[in-house]
Amino acid sequence: MASLADQLVSLLGPDRVSVTQDDLATHSTDKWFASNPPQVVVHAQNTEDVSKTLRFANENKIPVTPQGSRVGYVGGAVPLKGGIALSVARMNKIKEIALEDGVAVIEPGVITGHLQSEVRKLGWFYPPDPASLKECSLGGNIATNAGGPRCLKYGVTRHYVLGLEAVLADGSIVRAGGRCHKNKTGFDLVGLMVGSEGMLGVVTEATLRLIPHPPMRAMLSAGFKSFAEAANAVQRILGSGFLPSALEIADKFTLRAAREYLGASVTPEGDAHLLVEIDGQAESVKGELQQLAKLVRELGCICLNEAMGDEACEAFWKLRREFSYSLRNTGLIKLNEDIVVPRGKLVELVDFAEQLQAEFGFPVASFGHAGDGNIHVNIMVPTMDDPSIRERAEAALDRLFHQIIAWNGAITGEHGIGIAKKRWWRHAVSPAAHETHLRLKAALDPNGILNPGKFLD
């Protein structure tokens, strides 16, 4: 009997199939630490390749793990059951940018930052902005319903997917939605696929909503003596009628790491940092920035800097993007958890993080999207290879996630569940919701070939 690779070569051609050690190793993992090699890698170049692969795999009950750029943080792209790693990275064409319709039609391997750059040249805007936008693919963004700092004003990936083409487990090709900005024709199959983490189908094309690019943006960077004061400023800004495009917060451990890595001169004073971005027409932005600066000064900030225009704003964002590198520079491993709490719980969350630090002995750094309560809580550990340290780290994570659930928060805001958050899944949803997920999975993938071993298994 021919090997799996030989059968796939006969089906797809030799340029689509690989069993080299380098390729198998590369496609065995994502940005999380889990790893397991597939038996074979399929490099799909079009929808037909995906359809043929899934039809063959379904008939032979072979596991298939869909993959894009593999920069996720929860092990969602790890081929836990071996089988086929189905990469759509080569499907990387922007098929169309139609400004008259306000849409872009893309393949799943297109890098998010590349699409943003291309539509920006035309004066238009694709707002979702995950931190990894220069390397993550839009197919992965769709699979995890990725977000980013701009979600407060502009929403997450789901709000920009008007239509898509997806291949189901049996190889059938489904087109849902379209290029209309309003569409209530049947069930929301687009919404069903967005955030499904490769377990219901493989997206092979997406029609994305574009909006006009705001001609001006401006920012405030403010330092506060305490996190409580910065969190109060978040509530007051929103309560005063402002809707920033981004509202970011950082705690004292994050700032101390940044001072060590970047230098005190470029890092704001205080034990909390607030970053506020607004955008719109130039004159209105200028006036709004003045009002915001006055409000933030009245709220007790100890330092305040302003920026107008893209270049000046990017200097502020550079500091924000360096927070992760600053934490890595400490020499500790960053267990990055993208939890979400109701916005009124921000101070309690950071207080709880300090309790975790005292109880388990690991520094905890918290920073992220204060405007929507999606805070990245980073438990900083020296290693995950030492069994005793790993056990203590896992206990700290358990405490964190169970507290988030008790606060009616969410165990993930943008990374997805994958493997990393699998053990908290059943606590985070009701039994009926879990059963509904299982029924949907059984209906669309009765043989369970799509991304097996993740949170539904």
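I worked on a predicted model, where local features need pLDDT of at least 70, side-chain atom pairs count only at pLDDT 80 or more, and totals for chains, interfaces and linings use all residues. Residues are numbered from 1 along each chain as its sequence is written, and side-chain values use heavy atoms, with hydrogens and water left out.

**G109.** I found G109 in the loop between β6 (103-106) and α4 (112-120). Helices (H or I, at least four residues) and strands (E, at least two) are DSSP runs, numbered from the N terminus. G109 is buried, at 7% relative accessible area. Buried means under 20%, exposed over 50%, partly exposed in between (1.4 Å probe, protein chains only). Leaving out residues up to four places away in sequence, G109 touches V88, A89, M91, N92 and S137; contact means heavy atoms within 4.5 Å.

**α1 and α3.** Next I checked which residues meet here. L4, Q7, L8, L11 and L12 in α1 meet D49, K52, T53 and F56 in α3. By class, I noted five nonpolar, two polar and two charged residues in this contact. Ala, Val, Leu, Ile, Met, Phe, Trp, Tyr, Cys and Pro count as nonpolar, Asp, Glu, Lys and Arg as charged, and the others, Gly among them, as polar.

**The sheet.** I traced an open sheet of seven strands, ordered β15-β12-β14-β13-β17-β18-β16, with antiparallel pairing. Two strands pair if DSSP finds at least two bridges between them. Its edge strands are β15 (303-308) and β16 (333-340), each pairing on one side only. Strands β13 (residues 246-250) and β17 (residues 364-369) pair over three bridges, antiparallel. There, I249 stands opposite G368 in β17.
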